Amino acid sequence: MDQKSNQATFVYTTYIHATPERVWQGLTDPAFTKRYWRHPLTGGKSFPTDWQKGSTYDLVHEEVGLVVSDPEQIILESDPPGRLAYTWHTFTPEWAARHGIDDATAATWQAEPRSKVAFDIEATGQGVVKSTVVHDGFAPGSDVLQGVSKGWPAVLASLKTLLETGTALPGS
């Protein structure tokens with residue numbers, strides 16, 4: 001728990017054998033995100049945007065024809081290749097249905113305040129990057145926090161594996 005805001009926070013740090021520029025590319029280039037950021041029901045996802053502060057983004061699952069657009073899906077910070085932050089995507093009924101989320105759970109998630117995610121990318125030497133993800137803005141007891149806490153480790157492990165080996169984890 002973050003003591004200052006009394007809101008729950010997800011924090012995950014990993015070390016990746018890559019340059020900060022490659023990690024940035026992994027987070028922002030649709031050709032990369034579709035390879036490692038995958039859902040078993042909807043396939044790979046991308047986030048079309050210009051990645052400029054104040055811009056909006058879409059959440060796209062091309063394989064199933066799902067696009068989530070919302071004017072509140074905003075890039076909050078963009079300082080390549082060191083920091084990227086954006087508001088978390090909208091939980092539309094179409095998104096929930098495609099992801100196998102029941103109506104009651106979807107309604108609970110939709111009622112929660114919009115969270116945000118930030119990536120800090122720091123070169124540590126010898127071709128290694130320290131990547132820290134902070135996903136916050138959750139109310140205590142958040143169901144969305146429980147969901148992202150299960151999803152982020154798999155997504156980040158797959159990104160790391162893709163950048164280090166050229167192949168993402170299967171089924172991530």
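Reader: Which helix gives the most to the lining of the largest pocket?

Author: Helix 5 does, with ten residues. Helices here are DSSP runs of H or I with at least four residues, and strands are runs of E with at least two, numbered from the N terminus. The model is predicted: local features need pLDDT of at least 70, side-chain atom pairs 80 or more, while totals for chains, interfaces and linings use all residues. Residues are numbered from 1 along each chain, and side-chain values use heavy atoms, without hydrogens and water.

Reader: What makes a residue part of a pocket lining?

Author: An atom within 4 Å of a pocket point. On a 1 Å grid over the protein atoms alone, a pocket is an open set of points where a 1.4 Å probe fits, with protein on both sides within 12 Å along at least five of seven lines. By that rule 25 residues line the largest pocket; H39, W109, G147, V148 and G151 are the closest to its centre.

Reader: What makes strand 1 and strand 4 edge strands?

Author: Strands pair if DSSP finds at least two bridges between them. The open sheet runs 1-8-7-6-5-4, with antiparallel pairing. Strand 1 (8-17) and strand 4 (56-61) each have a single partner strand, so one side of each has no neighbour in the sheet.

Reader: How many bridges join strand 6 to strand 7?

Author: Five. Two would be enough to call them paired, so strand 6 and strand 7 count as a pair. Within that pairing, T87 stands opposite K116.
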